[in-house]
Structures are given as structure tokens and as C-alpha cells.
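Hi everyone, thanks for making the time.

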Amino acid sequence: MKGIVLAGGSGTRLHPITQAVSKQLLPVYDKPMIYYPISVLMLAGVREILVISTPADLPNFRRLLGNGEQFGLRFEYAEQPQPNGLAEAFVIGKDFIGDDDVALVLGDNIFYGSGFSKTLQQKVSELDGCVLFGYPVKDPERYGVGEIDADGRLLSIEEKPAKPKSNKAITGLYFYDNQVVDIAANLKPSKRGELEITDVNLTYLRQGRAELVELTRGFAWLDTGTHDSLLEAGQFVQVLEHRQGVRIACLEEIALRMGFITADECYALGAKLAKSGYGEYVMAVAKGQI
């Protein structure tokens, strides 16, 4: 499976702090926002990742992430000059995806929960169609909403419904088989002029090949699109890390635990950042102290 991180847009809800820098490069406590969605792909076993962003912001992502070799990954980069919808990622990434399945994760979404990696890897191995991830929210009318029956089968998907049929918001993480490339290529822009991810999901639903995985109690899904939610996400990460003594979305640690890099390589990455607490943590992980 290949992975795509969609990190475009202009972040207008976060102005003025995003007027000179991409939202996905802003810090969420101790690391850049984009580390969090990349960590999700890594936990799913994905090692080839396409970062899609604006022409102005791509050089900064390249500077931050490089070619991914240091994490045992391969990063590629592509431009989305205008925010023409999430599904455009599969049009832009067609050559990158090739004949493989693909995971799409939004660059401003944070996921955290016990056993998440095992769930992701299981869904990757079983993939036949489309896998969506649902999370219970108190204001589902603000989101795309999935309705399931008593057996867990996905019955309907509605975008920002006035009367939601459930409280399960569809999060910014999507797994698709290779058919998504053709589905996206044949989409017509919506009334707001975008290629809608909901239209992709509905195509799979009509085929009877869409599944909604519920992220249940004890799991956290955070979006960081406003000043308040960005601050809250940083506080959430800070509290967890201080309490538990471990770091969320530490790419060096995940790369080591997943077997993408060796302990020596992990230690060398930490040593480059040794003046920060983050670098000290990476070195401690590499030495087996955490």
C-alpha cells in the first residue's frame, strides 16, 4: 500500500499564523503537525508516501522531511496549486499510486489510541474496496456521517446532514483499493467546484464494498483547523507525554519499532537533535531505555 498526506490549502481559519507558513508545519506541542498523519501511515506499515501541498509550501516540507531515507521511508512530493477537493489527491497521485492500494490521510488530523497499529495493519491486509474510520462526536452535522446497522454494515454516508442518522463522523483517514484512481478520474466537480471524497466513498458504498471502522471510547481523534483546536491538540499531546513519559508520533521511534531502521540509525537521528528533549528521547529509545 502507498500513502498520501494531503497538506495543501491556505489555512484561512488560522490566519494570521498561516499567512507565511503551511498549517501542517505548525507545531503541535513538540513536533510539526505533519508528523502525526505520517506516523499513522507508518503504523499501518506504509513506507512510500506522497506529500501533496501548495507550490509555495513544498520546499519547506522537503527541507523538513527530505527523501525519507532517514526513517526507512521514501517520500515524494507533488503540487496542488488550488484546493480542488480531497479526491483530487488520487488524480495528482495517479503515477505515484501505480497499481497499488492507497491510504489517504489529511495533514491536520491527529489519531491516538491503544492497539491502533494492529487495527490499521489488519485493515490493510484485508482491504477489498474502501475502509473509512468513524468517530463519535457531539455535533455530527458538521461532518460527513456514516450510518451502520446492528451488524456493523455501512448503510449510508451523508455530508453535513441537517438531521444526522448517527453521531459517527467520518475522519480524515481513508483506505482504498486501486479502483480509486479510476473513480476519482471520472468524478464531476460538486457545486462548490471540488472533487469530493464523499462521492468516492458513495461509489464504493453502492458497490457494497465500503466499511466503517468505529474508533471507540478511549480513542482520540483531533482536528487542528482552528486556533482553539490547535491549542487543545497541543495540550492533549503535552499531558499524555508528560504523564506517560513517551512521545506520540515520534517518527524515529516508530521507524525503529516497525523495523524500518536499526537502533544505531535511530540513535544517530537523536544525536542530531541532542540539544532538545525530543533528541534526548530518541537516543534513549535507541538505547532501549524507554
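Let me start with a term: when I say salt bridge, I mean a side-chain nitrogen of Lys or Arg within 4 Å of a carboxyl oxygen of Asp or Glu. Before using that, some housekeeping. This is a predicted model, where local features need pLDDT of at least 70 and side-chain atom pairs count only at pLDDT 80 or more, while totals for chains, interfaces and linings use all residues. Residues are numbered from 1 along each chain as its sequence is written, and side-chain values use heavy atoms, with hydrogens and water left out.

Okay, salt bridges. R153 pairs up with D149, and the closest N and O atoms there are 3.2 Å apart. R153 also meets the side chain of D151 in a salt bridge, at 3.4 Å from N to O. Are these residues buried or exposed? For that, buried means under 20% relative accessible area, exposed means over 50%, and partly exposed is in between, with a 1.4 Å probe and protein chains only. R153 is exposed at 51%, and D151 is exposed too, at 60%. Elsewhere, salt bridges with shared partners tie D30, K31, E241 and R247 into one network.

Another one I like is R209 with D128, a salt bridge at 3.1 Å, N to O. It links distant parts of the chain: R209 sits in the loop between α7 (197–206) and β12 (210–214), D128 sits in the loop between α5 (116–126) and β8 (130–136), and they are 81 residues apart. D128 is exposed, with a relative accessible area of 53%. Over the whole structure, the search finds 18 salt bridges.

Now let's zoom out. How many helices and strands does the protein chain have? Eleven helices and 13 strands, where helices (H or I, at least four residues) and strands (E, at least two) are DSSP runs numbered from the N terminus. The radius of gyration is 19 Å, close to the 19 Å from the globule rule for 290 residues, so the chain is as compact as a globular protein of that length. That radius is taken over C-alpha atoms, and the rule is 2.2 Å times the number of residues to the power 0.38. Along the principal axes, the C-alpha atoms fill a box of roughly 50 × 40 × 40 Å. Of the 290 residues, 53% count as buried.

One part to look at is helix α11, residues 277–286. Eight of its ten residues are buried, so the helix is largely enclosed by the rest of the structure. Among those buried residues are Y278, Y281 and M283. What do the buried residues of α11 pack against? They pack against β3 (31–32), α1 (35–43), α9 (251–257) and α10 (263–272). After α11 comes G288, whose phi is positive, near 75°.

Last stop: E196, in the loop between α6 (180–185) and α7. E196 counts as buried, at 13% relative accessibility. Leaving out residues up to four places away in sequence, E196 touches A87, L187 and S190, a contact being heavy atoms within 4.5 Å. From E196 to G279, which is 83 residues away along the chain, the C-alpha atoms are separated by 40 Å.
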